[in-house]
Structures are given as C-alpha cells and as structure tokens.
Amino acid sequence: MPFIFTSRLGGVSKAPFDSANMGLHVGDNPIDVATNRETLTRQIGMPIAFMEQVHGDTVVLVEDNSKVPTCDSLITTHHNLALAVMVADCIPLLLKSDIAVAAVHVGRKGLMNGIARKTIDAMRDLGAEVIYSYIGPNICGNCYEVSEEIFKEVVAKYPSADSSQRTGKFTLDLVAGLKSDLKDTSLLDHSSCVFEDPKTFSYRRDGITGRQAGVIWM
C-alpha cells in the first residue's frame, strides 16, 4: 500500500522524544529529527513534503518539498513526492485517488473547520473520482475528555462524536465525527488509541513528547 503510519520506535531521538520523532517544533534536537526523517525518506524511496500545522483550514497543492507551507492539508499530483501529516493525538487522515493524494491534519478544530471536506472537494476539483481514505492512530473516544462547553459545541455539529454515554464524562470520538465527512470515500480505518499505546506519541498522556507521521504517495 502506498502509505504508512509511523510509530515512536526505531529512531535516534532522546527522551522524552524517543525515538522516531518526526516533529521539528516540539523541542527535540533538530539533527536527530533530520536523521529520523532521512530514515523515513529512505524507507519510502522518495522526498517527503511536511507542513507547519496550525489547526486551521488551509489546503495547499504542492509540487515538491522545497518549502514547508503553513497549512493543515497537503495535496499533490506528482508521482515522486510523498506527503506527511504529524500527530500526537489528532487524526492523521490520508486520501488517495488515481490523480492526487493528500495528507490531512484533523484535530478537534480541524474537524469543526471542515478541513477533510475541503481537501476532498479540492481533490474533486482536480478531477479525482474514486477517493480512498485512511485513518491512522489517534486518541480514542474513551480517552479524549474535554470541557462541557467544547463537548456541546462539537456534538451540536457532529452528534456521532458523542462518546459520553459509554464513559460518563465529556468525551469526544473525533473519528466517529470525521466518518460522517468521509461518506463519499472508500474508508479504511486503521485507528488505534495513541493514549493507550506506549509505542505511539500522545501529547495528552505525556505533555512534552514527539510526533509520529502519516505519509502517503501516488
């Protein structure tokens, strides 16, 4: 399959970023992060484009990895370029069609901003017909507790994101909410809970920590 979801294992970063941290923005040694990214690049066999993620709704079409755009979604139509999304609790969403691929950062704000739908619409505008969507490891609906105010805001727009009945707390299942935005795609759900899995980074669990990545290519 032309995509991968990395774990925190197999890199060179030192604690608390140990070890395959892909994020340059978390306080890790940039030389170690570069080494981890180079290892991933060799594994995939092509350059990887990263983005500076800001929990917004901007979608950027890229042709190479010469720049790091500020956005939360990357699209490319090029066959010799991979796209990466970095996460530590948020949902790494990867989209693929015959003519384009996309990497999308879907946190709570991204879900509310409609970043997934905007990316799919942009791919449709490029001519994509059948789109496959892949959801990677993220924080699950049992572990993602929020304030009552945030809970009500999200559930008002995405009722399926309400996981409070099974937890007795103000918890959100962002994947369930996101799936309603992916109904016109062919969905493969690879999610597991990063909060519960010590092999993955989780900001909610650890605070200062690294980032794993979802990477896709044509």
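How accessible is Asp189, in relative terms? At 37% relative accessibility, Asp189 counts as partly exposed, a class lying between buried (under 20% relative accessible area) and exposed (over 50%), with a 1.4 Å probe and protein chains only. The structure is a predicted model, in which local features need pLDDT of at least 70 and side-chain atom pairs count only at pLDDT 80 or more, while totals for chains, interfaces and linings use all residues. Residues are numbered from 1 along each chain as its sequence is written, and side-chain values use heavy atoms, leaving out hydrogens and water.

Asp189 forms a salt bridge with Lys179, with 3.0 Å between the closest N and O atoms; the term denotes a side-chain nitrogen of Lys or Arg within 4 Å of a carboxyl oxygen of Asp or Glu. This pair links distant parts of the chain, with Lys179 in helix α6 (residues 174-179) and Asp189 in strand β9, ten residues apart. Helices (H or I, at least four residues) and strands (E, at least two) are DSSP runs, numbered from the N terminus. Lys179 is also partly exposed, at 33% relative accessibility.

Strand β9 leads on to the sheet. Six strands form an open sheet in the order β3-β4-β7-β6-β8-β9, with mixed pairing; two strands pair if DSSP finds at least two bridges between them. At the edges are β3 (59-61) and β9 (186-189), each pairing on one side only. On average, neighbouring strands of this sheet are turned by 15° against each other, direction ignored. Within the sheet, β6 (residues 91-96) and β8 (residues 132-135) pair in the antiparallel sense over four bridges, and Leu95 has Ser133 in β8 as its bridge partner.

Helix α3 (residues 115-125) lies across β3, β4 (73-76), β6 and β7 (101-106), and runs at about 165° to β7. Such angles run from 0 to 180 degrees between N-to-C directions, with axes fitted as lines to C-alpha atoms, for helices over the stretch in contact, where contact means heavy atoms within 4.5 Å. Helix α3 holds Asp121 and Arg117, four residues apart and therefore separated by about one helical turn. Their side chains form a salt bridge, the closest N and O atoms lying 3.4 Å apart.

A search of the whole structure finds twelve salt bridges. One of them joins Asp206 and Arg8 (3.7 Å, N to O). Asp206 is partly exposed, at 36% relative accessibility, whereas Arg8 is buried, with a relative accessible area of 10%.
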